[in-house]
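Please give a short briefing on the structure shown below, for someone who is meeting it for the first time.

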Amino acid sequence: MRISPPRAVVAAVLALLTSALAALTVGVSPWSTLATIVSGAVGTTYALGSTMNSAAVLTMLGLSFAFGLRGHVINIGMQGQFLLGTVGSLLVATSVSLPTALHLPACLLGGAVGGALWALIPALMKMQRGANELVTTLMMNFIGVALVAYLLRGPLKDANADLPESVVLPHSARLPIIMPGSRASAGIVVAVGCVLLIGFLLRYTRWGFKLSSVGMNPEAARYAGFNVRSIKLQAFLVSGALSGIAGAMVLQGEKYRLQEGLIDNWYIGIVVGLIGGGSALGCLVAAVGFGALQTGAFEAQLNLGVPAAIVDLMQGAVIVMFLLVARAPDIRAVMKRHQRSRERPTRAAVSRGDADVVSTSTREGERSS
């Protein structure tokens with residue numbers, strides 16, 4: 001799904017108006033709600049840093065989903081791959097001692113490997129048994145949540161902590177804060193770097209051409225001599241690695257220790273990937289919008305007492321408005337077809353009526369003669 005910039009602006013305005021009206025239903029001024037959302041997203045340095053952190057994570061999750069689609073793979077197992085990415089990053093952070101310049105990328109690489117290995121399971125089920133990845137990747141999310149819960153109560157639990165959580169990461173494994181006065185970590189730099197790298201690979205390399213060819217038409221790609229199974233497997237692994245890096249970013253840049261409930265809005269990544277139109281840059285733009293909305297809506301919830309359900313409705317309004325605006329030409333085409341199908345019997349009846357009139361007139365003429 002691709003959406004032009006003017007249509008995106010229209011969708012964003014409609015979504016904001018819908019959100020304001022939703023706030024009005026619970027007795028909160030729409031203008032106060034909009035002003036609080038905007039100021040809560042970018043009004044202060046701290047708010048801007050929170051928006052950047054949210055945007056970085058959503059960019060990676062959206063990129064993960066969009067990359068899978070490029071290779072004709074529907075990967076909705078980002079939650080499990082994200083969590084196993086945090087485990088991979090934690091293991092590297094706590095098991096080896098390196099200088100910061102080496103420890104940071106090593107931990108991110110550990111996250112990528114964790115996410116890719118978790119994506120390898122449904123990939124093999126798809127390749128060997130033909131299992132539907134839409135089902136298997138979704139089921140792997142539940143297994144991943146249960147596995148991390150077990151690890152936090154067993155092998156990875158901090159012996160000095162009462163809660164199920166891991167030990168704190170060493171300072172050499174933590175992403176630096178890039179904006180003083182906020183919690184904006186270098187995760188946004190990692191996300192932008194991944195966007196540029198993926199965009200370059202897809203647009204300017206032979207590998208990206210093969211991947212896109214398989215994504216558009218696997219049968220045609222097979223006829224052209226491409227190894228479709230191998231390319232799909234690579235799409236699975238890279239998609240999982242991107243989600244794993246997202247987990248490592250949260251662990252190394254925000255939480256500094258593994259806990260339960262690190263991710264609960266992973267499905268927004270699917271929306272980001274769809275609204276981004278499958279392009280890396282589009283995912284970044286969509287993620288910034290959703291990151292700002294998440295941060296601003298949370299601020300409205302705190303300061304204005306907007307219920308959590310209304311906050312969820314705001315996010316839903318954004319999704320619905322973007323889908324409606326993006327699919328407006330298709331909706332108009334369907335309405336025209338429906339209108340033509342209703343007019344066709346009427347015209348046929350009119351035609352039959354004219355024919356009856358003509359035949360009756362002819363018979364009357366013959367009798368008179």
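Helices (H or I, at least four residues) and strands (E, at least two) are DSSP runs, numbered from the N terminus. This is a predicted model, in which local features need pLDDT of at least 70 and side-chain atom pairs count only at pLDDT 80 or more, whereas totals for chains, interfaces and linings use all residues. Residues are numbered from 1 along each chain as its sequence is written, and side-chain values use heavy atoms, with hydrogens and water left out.

**The chain as a whole**

- The chain has 14 helices and 0 strands, so that its elements, read from the N terminus on, run α-α-α-α-α-α-α-α-α-α-α-α-α-α.
- Of the 369 residues in the chain, 46% are buried, where buried means under 20% relative accessible area, exposed means over 50%, and partly exposed lies in between (1.4 Å probe, protein chains only).
- Among contacts with a separation of 6 or more, 76% join residues 24 or more positions apart, a contact being heavy atoms within 4.5 Å.
- The accessible surface of the chain comes to about 18,500 Å², of which 66% belongs to carbon and sulfur atoms; such areas come from the Shrake-Rupley method with a 1.4 Å probe, and for residues only the protein chains shown count as cover.

**Helices α8 and α10**

- The axes of helix α8 (residues 206-216) and helix α10 (residues 228-255) come within 10 Å and cross at roughly 100°, the axes being lines fitted to C-alpha atoms, for helices over the stretch in contact, with angles from 0 to 180 degrees between N-to-C directions.
- The two helices α8 and α10 are therefore roughly perpendicular to each other, since angles of 65 to 115 degrees count as such, while those under 35 are roughly parallel, those over 145 roughly antiparallel and the rest oblique.
- On the α8 side W207, K210, L211 and V214 take part, and they meet V228, I231, K232, Q234, A235 and V238 in α10.
- By class, this contact of α8 with α10 has 7 nonpolar, 1 polar and 2 charged residues, with Ala, Val, Leu, Ile, Met, Phe, Trp, Tyr, Cys and Pro counted as nonpolar, Asp, Glu, Lys and Arg as charged, and the others, Gly among them, as polar.

**The loop between α10 and α11, and helix α11**

- G261 lies in the loop between α10 and α11 (268-275) and is exposed, with a relative accessible area of 68%.
- Although G261 and V145 are 116 residues apart in sequence, their C-alpha atoms are 8.7 Å apart in space.
- Y256 also has its place in the loop between α10 and α11, and its phi is near 70°, a positive value in a residue other than glycine.
- V271 is found in helix α11, where it counts as buried at 13% relative accessibility.
- Not counting residues up to four places away in sequence, V271 touches F290 and I319, and its C-alpha atom is 9.0 Å from that of F65, which is 206 residues apart from V271 in sequence.

**Other residues**

- A146, in helix α6 (residues 133-153), counts as partly exposed at 48% relative accessibility.
- H72 is found in the loop between α3 (45-70) and α4 (78-95) and is partly exposed, with a relative accessible area of 36%.
- Phi of H72 is near 60°, a positive value in a residue other than glycine, whereas most residues other than glycine have a negative phi.
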